[in-house]
2 protein chains.
Amino acid sequence: MTKSAIGVGLIGCGTVGGGVAKLLRDQADLYEQRIGRPIVLRRLLDKEKDRVIQSGLADSAVVTDDVDSFFDTPDMQVVIELAGGTGAASVFVKRALEAGKHVVTANKALLAEQGPELFALARENNASIAFEASCGGGIPCVTALTFGLMANRIDALYGILNGTCNYILTEMTGKGKDYGTALADAQKPGYAEADPTLDVTGGDTAHKIAILASLGFGVNITGDQVPARGVDGLDLNDIKFGDELGYDIKLLAIAERQPDGESVSVGVEPCFIHKTDLLAQVGGAFNALSVYGHAVGHTLYYGAGAGQMPTASAVVADVMNIAAGWYGPAFQNMKLTPDLHAPAKLAAPESLVSRYYLRINAIDKPGVIAQATAALGNAGISLSAVLQHENNAGSYVPIVIVTHKAAQGDLLAAVKQIESMQVIDGSPVVIRIVDLPDE
Amino acid sequence: MTKSAIGVGLIGCGTVGGGVAKLLRDQADLYEQRIGRPIVLRRLLDKEKDRVIQSGLADSAVVTDDVDSFFDTPDMQVVIELAGGTGAASVFVKRALEAGKHVVTANKALLAEQGPELFALARENNASIAFEASCGGGIPCVTALTFGLMANRIDALYGILNGTCNYILTEMTGKGKDYGTALADAQKPGYAEADPTLDVTGGDTAHKIAILASLGFGVNITGDQVPARGVDGLDLNDIKFGDELGYDIKLLAIAERQPDGESVSVGVEPCFIHKTDLLAQVGGAFNALSVYGHAVGHTLYYGAGAGQMPTASAVVADVMNIAAGWYGPAFQNMKLTPDLHAPAKLAAPESLVSRYYLRINAIDKPGVIAQATAALGNAGISLSAVLQHENNAGSYVPIVIVTHKAAQGDLLAAVKQIESMQVIDGSPVVIRIVDLPDE
């Protein structure tokens, strides 16, 4: 017995929306076979109605640019929001939920900003929000974190969650390009947008880790609570020095349960990781998420973090899981979303302990290394490596210092002291070195 | 409002069963918070009742060695089968399903042999079978393949699915141990069992890929349909030659949709993969599964493939997903299990196309390489590399030949011809070289 069709409305027929329309059209038989009922695209809302009709991705009768007409469509149980941003998208999502429709979204900015409010609204209306595509593109990491790893107290997440940044860093590392060249080269094939700000400053990554950390730790963390440093300030010299020391640089989203067991730290910054780490093998526009659970240990999820069809894959899976009748109850019965959780107890940044890479630009004369390292020694910070090459150019020379574990507050205070020394030129470069936990 | 408790019965309190009992006891509050109802271990069936009671893992009143008493336990909605094997375990699973209880199992042998019958029985009784722990231990790869990647036509699976074999190969590769030494060293810390036959011959891996390929391709493949070659015949010399050529050896489970789009190939064998492949980075007792979907491209899932707590993590997640009320409907509504699918159209092994590594032992005199390579040339097989070191020992010398793509049937016919040459000693070694698909 075939069940009745499930009706879908799609808001936004850009890159990802086009992929979704394509999948629903081309794989209709496969999907019906898998979930036992047909999925029908009942309505498609896009401001550029004519462009969409010309693309041939949907029947012209289905396409509209009128919001009311879209929401008045009968037999539309699921709304896919791919409008993006936190303005109109928020209005659309609320309107859908209030009408008791399930929502599927890839909108990390919206969920990182308004997640609790929207999740609560879904609960009230006996609807659900599915958001696999919001983090890690096509990688089913939300599914893994919520359903697959349910038996674990999650202890840490380390993610490469922005394909643009990872592509830029891979080009800088592998081909010795400077940041500006790597960015320009990423824009040509579309790996970076014309305005790459949200990506390269770490903002997009911050949104994603806010969502994932909220789920993993069972707390409520919003995007604006995540301190983010991007790849835009990176100097190729530091990548080269790191290489010499055995490290690769990655823009990491990090969320760690602190030793007290209650507070958590969340942040985004370019970090050095050991070249032998699995995360260091994630190249180009790919993404990966490492999850450490108290029972399972280390698990890692890898795949395309963006792009038309990978993201559409995640969106359509969400639609199918709703259509199969299980995602709704799972959303309602499981207490996983941040609307049900207290705000996270965030650890004070100055208390966070890590190893660090420092590069200072010093006058090339005797005693300078001693002076700089004394400042670290006085702060109780011991060193694991110092690197200075022979100087063939000018009166300043870069000195690289690798520390043992130190509290961030102590480290930054010592760096400030070093910065004020007359023998030092400019600001020291500080990059966190992440020693990933035992598996 | 807290819902009523869900009652669980556990069959088998060995390594994994002990881990499950531990999790249910130690994380009861966390689990209740996540799914909104308590999970209660109502009964534990084990032949060694006294040992289990002494372990303190369960109330003595809960432990029984009497099968009827176990199944008569009231308020027991979920049965966890960790007895192992395909005899008593099958009887237990059927009895549970016939009583309308959900079953959670880690038993790959049982599912690879009797899966369709058991899945059908679950459907008839409005129950379900959850089996995340049967493949890839703690890695939620079944969840990813069934729910997360639903929108994809799956094109290929490549898995490192046996921790024992991967541990042995990592020791052989990294430390230059021969097979016997690596196996003995794996037995000491418990990475290999006292009788490692099922692991090292590839049988266990064959069970797992039968299950995963059935799910991925939407067909019915049983374990005995999977040709398996293990790691037990491997010669350290081939690992060293492979290393020189840029390859690592891995015991790969491979399932590929064939170019005709309908037939599939499934098999288990030690393969050479490029050192730069992500799968080549999977070391020690860890597992990984690479999945290629038509929309998402390449995704990979990595983690502990065995061990007490990782496997218990997967088992308990299954229990929680059932208890939360969504896994049952998902199992019933989605048409994913092999009881609903036709037997796979398996491609003829001789038609499979791949690159190959050959090692022949030849008399060290002029013209031998020409003679051996002529046999390949006559079969239309071209070569990409030939490797012969200077000979300082004896009258025979190993010659390594790397072919371009060739049909397995043609390759093996040529190898047979080479083997029959008077200048060749013993049987040539043949190892498949896998060039993983574009991402």
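The contact between chain A and chain B, defined by heavy atoms within 4.5 Å, takes 52 residues from chain A and 53 residues from chain B. The buried area, that is, the accessible area (1.4 Å probe) lost by the two parts on being put together and summed over both, is about 4400 Å², with 60% given by carbon and sulfur atoms. A:Arg34, A:Tyr302 and A:Trp326 supply 16% of the area that chain A buries against chain B, more than any other three residues. The model is predicted: local features need pLDDT of at least 70 and side-chain atom pairs pLDDT 80 or more, whereas totals for chains, interfaces and linings use all residues. Residues are numbered from 1 along each chain as its sequence is written, chains are lettered from A in the order in which they are written, and side-chain values use heavy atoms, without hydrogens and water.

Strand S1 (residues 6-11) of chain B is joined by six bridges to the parallel strand S2 (residues 39-45) of chain B, and B:Leu10 stands opposite B:Leu44 in S2(B).

Definitions and conventions
Pairing = 2+ DSSP bridges. Helix = DSSP H or I, 4+ residues; strand = E, 2+ residues; numbered from the N terminus.
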